[in-house]
Each structure stands twice: as C-alpha cells, then as structure tokens.
Amino acid sequence: MSETEQKLRSEARDLLEKGRVNHIIGYEAGSLKFSTTPLITSDKEDTDRLVINPFINNNLSVFLGEVGGKAGIVARGCDARSIVSLIQDKQLAREDVFIIGVPCGGIIDLDKVEKLTGLDRDEIDDIAWQGDKAAVTIGGARKEFPAKEVLTDDCLSCEPPDPREYDLLIGEVGPLVTDGELGRSKIKELEAMTPEQRWEFWKSEFSRCIRCYACRQVCPACFCNRCFSEETEPAWISPLPRWQDNLVFQAIRMIHVAGRCTNCGECERACPVNIPLRSLSKKMEEIVDELFHYRAGTDKEAPPLMAAYQPEEAEDFIR
Amino acid sequence: MKKIKKQDVPALLVKWQQDFTVFAPSKKSGVSRMEVWDGQDTAFLDRNRNTVIPPKANFLLNIEKMFDFRKEGGSYTLEPAGGEAPRQLLFGIHPCDARATAIIDMVFKDAYEDNYYLGRRRNSVLVGMGCTSPYDSCFCTSLGFGPAEAADVDMMLTDIGDAFVIEEVTDKGKELLAGAEGVTEATADDTKKADAAKAAAAAKVTRKINVEEIRKRIPLSFDDKKFWEKVSAKCVSCGICTFLCPTCYCFDINDEMLKSGSGARYRNWDCCSFPLYTKMPAENPRAEKWRRVRQKVHHKYAFYPELFNIIACTGCGRCIRQCPVNWDITQILASLPAGAPAAAEKK
Amino acid sequence: MTQDAEYEPRILGFLCRWCSYAGADLAGTSRKKYPANIRIIKIPCSGRIDPLLIVRALRVGFDGVLVSGCHPGDCHYQTGNYRARRRMSITKKFLEYMGVEPERLQASWVSASEGGKFAEVVTEITSDLKQISPNRLFSDERDGTKAAQ
Ligand code: SF4
Ligand code: SF4
Ligand code: SF4
Ligand code: SF4
Ligand code: SF4
Ligand code: FES
C-alpha cells in the first residue's frame, strides 16, 4: 500500500468518524485485472478498501448529485474541474462537498497496453510504473514502455493534473508526463481530412453505436433530468439506433456539454463499441478555448460558458 | 466424431456460403461481433475470445422493421416487412451464447410465437467453438455447463492445435458435414486431445458462483431495499449490461409516421436499467435505481427459473467486463443476505 | 456535379420576429428581389435558437440554415442575440469538424428596416450553397435520395 493510500484511508475514516461528511466517494479494487470500481459508503470500516493507483479511471463526480448530505470525494485534476463546473452550474453547493484532492500521475490506458502487447488485459500479469516507464509483465517476461505510449490521451493533454480546488490534498504533486500534441494526434488526422471524409468517418463510427447511453450516463456534465434524446413531442431523434440519429445525439450532447466537459475521457472509455468520443470532446474544448478563452471548471465564481457573453465577440461568420 | 484441419476450414466455409450467409467473429468494424465472413479473415480459427456484441444481435435485431402501414381514407393497410428470414450460419459461437440463444427461444415461443425472432432462428445454423482462453470474467462452469459444452448448437468444434474435433449435435449439423472436403473421422487420439483441451478450458474458469445458495436466498431478498440500495449505488443506469447480455431480450416498439399518416412500425432493443423503460403517464414503478438493479438480477435468477426452470444467465461475463463501473453480478449474488429483512426494514 | 451546380438549395431561415422577420416582410412589400429558396420560421428572438433546431433542419434535408436576429445592442430582450452568437459560433465550428460544410450554417443581423440587406443575405447564401453539393449528409445512399423524413 502506498503512503498516499494510507493517508487517504485514515483521512476518509476521520471525516466519517467526526461526522464532517455523510459519505465517502472513492475507488476500491475492482473484480477484474487492473480494474478499480467506485466505492460509495457511509461506513467508516469501508474506508480501509480505498485505493489510489494508475487505474482509477471513473469520474466520480457523476455520483455527487445522488448521495444525500455532504460527500467527501476523491478527486483527480479532471474530476476536481468537473466538480467546480457542477458548482458553476448550481448543481452542487460548494459546502456540500469535501474535495479530497489526489495529484494525478496519469491513468494507464489499458486499450493502449492491449494494442502494444497484442493481448487482452486479463492475459497480462502485471503493469506498474517504473520511473517514467510502464513495466508490463507477461508470463514472467518484462517489457517496458515509455509513459507516453501507455497514458490515456486525456492524461497526455491534461492541464492541470493536480486538483486546484480542494479541501485536502493528499500526496505529492507528481510529475505527469504530458504531450499535448501526441494526445491530439487523432484530432490532427481528422483536421487534415476534407469535410466529406470527416463526415464519412463519423458516419462509420456512429453506425456502431447501440444507443446504450453509457457516454451520457457516466458524464458528470450530462445532468439533465430529461435528456433531449428522450423527448417524444417532438421526438428530436428516433429511438432507433440508426447512424443518423446516433450522430445527431452525440453532436448535440457534445454541444450541450461545451464549457462543462473537462475532458475526463470517461465517455470514450465507457463506450462499449469504441467510438472515439474524446476526439469530439477534446476538439470542443479547443474550440471553446480559442473562441472564448474559457476552460471548463477552472473558476467556480465564473458564470457558465453558455450563460455568459461579451458584447464584443468574434462574429466574422455573421453577415 | 469428425475432424477438420484448420487449413481446410476456409474451404468449408466457402462451401457453406452457397446456402447460407456465413457469419464469423471479427473486429473489423471497430468492435468484436459476428460479421459476415469476408472469405479472407481466419484469425478466429486461432484466437476466438467471446465477442463484445453477443450473437443474439443476429436473431433479435436492434432495428427490426415489423410492418409498413398505409393510410387510405379512414383505414390502414398493413404490409408485413421482410418476408422469409435470411439463412445464416454462425461460425464460432461460444457455448455460453449458444445456451443463451436456447434460453431466449423459450420466451419467444411461449404464449405468443414471435415469428420475427423464430423465423431467423429456424433458418440459422449454429457452429459452436469451445473456448481455449476464457476471460477472467467468465463463470459458465457454475451454471451447469462449461466452455466446451456441445449443446444448443448444430455442431461443436474443439481446438486441438492444428485441427478441430467436431461433434455433430443435430441432424442439421450432420448433413452439413456429410461429404464435405477435409472432414475426416476423428481418431481415438484426436478425441483424447479434445477431451484434454476441454478439461483445460474448464479449469481456466476460476470465477464461481454458488447457484444452490443463490436460488435459496434470492426470493428472500426481494423486499430488502437496503441491500439493493447498497449494491446499486455505483451503477450509472446505462444500457451496456443488458444490451450486451446474450439473454436479455427486451425491446421497444416505435412507429415512424409521415405526415400522410403512412409509415412503418419498428422494434429495437430496450433496457430495464433505463428509468424511461417503465415510465407510464401516471407512475413509474421503477423510478429508483435500486428497483431497476433488483429487477435485472431477479429477472435472471428468480423470475426466469420460476417460469422456465432455467437461470437466464450463462456466465458469459459481458456485464462485468463491459460495465463502466465494474458492477459485478457475481459479487452481488455472493453478497445476497442469508435471510429476509426484518419487517421494519422493508421498503 | 453539373446537376449539383443547377440545383436549387432549400434553406430554412429562423428569423427573429422583432427585426429580421420584419426585415423580410419589408423586402417583400418593397418588391426587393431575392431567390425563393428560403422557408421562414418566425422565432421570438434569435436567443431562441437551439443547435438542435439547426441540426434537425439538416437531418430532415434542408441544404442550409440561416439564423438571423437584431444587430448587437438592439435585441428586444437585451442579450438574446449575444447568446445566440455564442451558440452559433460553437455549433458552426464543431459541425464543421464533424464534416458539415461551413456554408450550411449561416447567420446575419438584419433589422426591421433592412429589407434590402435581407434580400442580399438570401441571395448570397443561395449562391454560396450552390457552390457545394445538395445536403446528402444524412442519406444512406449519398447519391440521391434524401434520408427518411
Ligand atoms: S456509449 Fe457509445 S454506443 Fe453507447 S450511446 Fe454512447 S456512443 Fe453510442
Ligand atoms: S445530452 Fe444534453 S440534454 Fe442530454 S443529458 Fe446531456 S446535456 Fe442534457
Ligand atoms: S463529455 Fe466525456 S470527457 Fe467530457 S466531461 Fe463528459 S464524460 Fe468527461
Ligand atoms: S453496465 Fe454497469 S453501470 Fe451500466 S447499467 Fe449495467 S451495472 Fe449499471
Ligand atoms: S447476466 Fe451477465 S454473465 Fe449472465 S448472461 Fe448476461 S451478460 Fe452474461
Ligand atoms: S429580439 Fe431580435 S435577436 Fe433578440
């Protein structure tokens, strides 16, 4: 157990014991190799199960709206920004959440490891950081991969990886290897295409969508009581998972979360049919930044992006 | 028992293509699923782990047109869609998914015969392939069968290295092999190898559930709100575990109408994890998450056994593997309380 | 392509009732000439525009969409057009990234007295749209038939 983990467990226990929070939302070991799973509890004994490792991939802030009372939540950099964003959107009061910040060293993308090794995750024996390399053990043999090759794209372009809004910070601010250009390489490929090619690309991606709505359900920025996709009068999109409607659903979802999406990457990770949703969310982040110099969840006093305006704003596209 | 060398399989598939659309596991779309065989790809002969999209998608379409309707004056004419179901051969279906197909059959030919589904099933051939490398989420051996079970398919293949031993399970299976090039009688040595391969595969399935205990406990849990609240806390109510479950068969029916009043009726997969699934004008009996999670587990482990005398779960592990929060049905089943909740604790 | 060059684009216009809609009216009563390619929906303010309406218009087969409101500073509700502007600029850039040609999303500020400008805008947009092919974004066969509905 790492020192960070130890500290986290005792702090979490203490918070529950002293009644400073009603719930702890963190991660515990999952039931599959290299998996973790959300731990949502009000029982202080459960805090002994809390973990921090390179596989804590859920954005836990999605649960904040569900638990009653005050919640103590384990937050990485992107999660902390999601929490701030929820506060900006008045989905959450700052005093109802106790943010246990954990500076993040980056999440290992198991899909990338699978690609690099040609094996599925359950066939790999061990994955561990070895300095700035990931050591992967398979049947006794060890291979090392540079961090850049195994970190998730979101982590490669994460900024900042350490939470800026917190009540308690646990652990050292780790050196996260970032490489923004590498992290957006899929986007670059898309940008180099003609509109027609791009459309064909997304058409083929969304032909696979089964409309499980996991992307929406795991997203902290998708907090509507009733999503437009479920409205029936009028029905904006068909409930049948046709590529056309799947594409409209995702395009509109991305527009809805503009300025609130922190690029946690959770939607892409959740998608069972591997649609590169992050190539949409990341691009949206760039558009928002370029046009309005706005970054989601960086200032809890700032009005939400779409609720604000400046009289002077780019309007070169308006006749 | 028959035998075929791996190198001879493509020719056999080509032969079958004369009568059937041949499907085989493929990742070429970006996700692994049964795909129309392209005549080239043979990767699945050496490495065939279970697909993400279950083969049920071949029988219970995610978008199925049921009929067209035309409005003329005050009345409607209906025109059934589709016609004769396509003749398809699914090559490389795993024992858990084959069993799941047999399980869904029960509901679609029960009180009402669903010909959209049954038509497809009647015109289909299932060529099973035993697993050589089960996932760490698989738990089929706890459910009365195993990763090499020769049941619910027309023939079953077991990998013995450079060849498959084939068990002919149905007459249809026998016919399909009769006189086929490359298909020989298996020797005693071959069957011995096959038995060893089956045992080895079964031994690799280490995840277990205790069905007897579960069947005892599950009815007692129905009113245990506290239990269900606890185990459902981390579920985010998406459609993954049900859409990808080979035994989940719920569907929704939708009309697409033009201004003229004409249009078509479709059905598509639906899912009991969605609050909308049970939403009615006045009430939603499963508005809370714990009720939906309870429904999912009870449907598989309590209601279905009561109705059809079989558990509607085959231990394929998809719901564990693909769940974005690693909600694990085996853990939930293992933690079912031994007794019913005290009256005061009920909902 | 030759056929495309001659095609008549179908445009859906969302016009603010206080300004652009009145502007369009004026264009009509003062007999300003502009292409008959536009169908108009009156909205209470450009601030009513929802990206969903735009995407939906493309989904049902319109070749282009125009959103038009009061000039900055002139919105009847003070800020509606500023908010619409933000939404529009994000939507336009994002849809372009997904593969929607930028010509399909158009915006203008047209006041109640600018009948002439309205006619110009419609003329320009129509000719812009003629430069690109008809909207087959959502058709399964990109060679002709429009998507269902
Ligand atoms: S998670 Fe993927 S498959 Fe599910 S609705 Fe979202 S895009 Fe579609
Ligand atoms: S897609 Fe839009 S409407 Fe739907 S939940 Fe997300 S933000 Fe709300
Ligand atoms: S849209 Fe995706 S990346 Fe953005 S906040 Fe939601 S889940 Fe995270
Ligand atoms: S896949 Fe997981 S999160 Fe989604 S509904 Fe099933 S249990 Fe819940
Ligand atoms: S409940 Fe889970 S393990 Fe059981 S058949 Fe369905 S997906 Fe497979
Ligand atoms: S009233 Fe015309 S844009 Fe607001």
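A polar contact is a pair of N or O atoms within 3.5 Å; within protein, one must be able to donate a hydrogen and the other to accept it. The legends below describe a predicted model.

**View 1. Domain 1 of chain A against domain 3 of chain A.** Ten residue pairs are in polar contact across this interface, both partners at pLDDT 80 or more. The side of domain 1 of chain A that touches domain 3 of chain A holds five nonpolar, nine polar and five charged residues. Two salt bridges cross the interface. A:Lys300 and A:Glu165 join their side chains in a salt bridge, 3.3 Å from N to O. Chain A as a whole splits into domain 1 (3–105 + 157–169), domain 2 (110–148) and domain 3 (181–307). The C-alpha centres of domain 1 and domain 3 of chain A lie 25 Å apart. In the contact, 19 residues of domain 1 of chain A meet 23 residues of domain 3 of chain A. Together these two domains of chain A bury about 1,800 Å², with 51% on carbon and sulfur atoms. On the domain 1 side, A:Arg81, A:Gln88 and A:Ser157 give 31% of the buried area, more than any other three residues.

**View 2. Chain C against chain A.** The contact draws 41 residues from chain C and 47 residues from chain A. About 4,300 Å² is buried between the two chains, and carbon and sulfur atoms account for 64% of this area. C:Arg86, C:Tyr97 and C:Met98 lose the most area in chain C, together 22% of what that side buries. Six salt bridges span the interface of chain C and chain A. C:Arg85 and A:Glu315 pair their side chains in a salt bridge at 2.8 Å, N to O. Polar contacts between chain C and chain A number 23 residue pairs, both residues at pLDDT 80 or more. Helix 3 (51–59), helix 4 (80–98), strand 4 (105–109) and helix 5 (115–131) of chain C each bring at least two residues to the side that touches chain A. Helix 4 of chain C gives the most, with 16 residues. By class, this side of chain C has 19 nonpolar, seven polar and 15 charged residues.

**View 3. The two domains of chain B.** Chain B divides into domain 1 (2–203) and domain 2 (211–345). Their C-alpha centres are 26 Å apart. Domain 1 of chain B puts 42 residues into the contact, and domain 2 of chain B puts in 41 residues. The buried area is about 3,500 Å², 64% of it from carbon and sulfur atoms. B:Phe69, B:Ile103 and B:Phe139 supply 18% of what domain 1 of chain B buries here, more than any other three residues. Two salt bridges link the domains of chain B. One salt bridge joins B:Asp114 to B:Arg267, with the closest N and O atoms 2.8 Å apart. Strand 4 (64–72), helix 2 (95–108) and helix 3 (115–122) of chain B each give two or more residues to the domain 1 side. Helix 2 of chain B gives the most, with nine residues.

**View 4. The shells around ligand 4 and ligand 5.** The residues around ligand 4 include B:Cys235, B:Cys238, B:Cys241, B:Cys323 and B:Trp327. This shell has nine nonpolar residues, two polar and one charged. Around ligand 5 lie residues including B:Phe139, B:Cys245, B:Cys313, B:Cys316 and B:Cys319. The shell of ligand 5 has six nonpolar, three polar and two charged residues.

Definitions and conventions:
Residues are numbered from 1 along each chain as its sequence is written. Chains are lettered from A and ligands numbered from 1 in the order in which they are written. This is a predicted model: local features need pLDDT of at least 70, side-chain atom pairs count only at pLDDT 80 or more; totals for chains, interfaces and linings use all residues. Side-chain values use heavy atoms; hydrogens and water are left out. A residue is near a molecule or strand if one of its heavy atoms lies within 4 Å of it. Ala, Val, Leu, Ile, Met, Phe, Trp, Tyr, Cys and Pro count as nonpolar, Asp, Glu, Lys and Arg as charged, and the others, Gly among them, as polar. Domain bounds come from an automatic or database domain assignment. Contact means heavy atoms within 4.5 Å. Buried area is the accessible area (1.4 Å probe) that two parts lose on being put together, summed over both. A salt bridge is a side-chain nitrogen of Lys or Arg within 4 Å of a carboxyl oxygen of Asp or Glu. A polar contact is a pair of N or O atoms within 3.5 Å; within protein, one must be able to donate a hydrogen and the other to accept it, and residues adjacent in sequence count only if both atoms are side-chain atoms. Helices (H or I, at least four residues) and strands (E, at least two) are DSSP runs, numbered from the N terminus.
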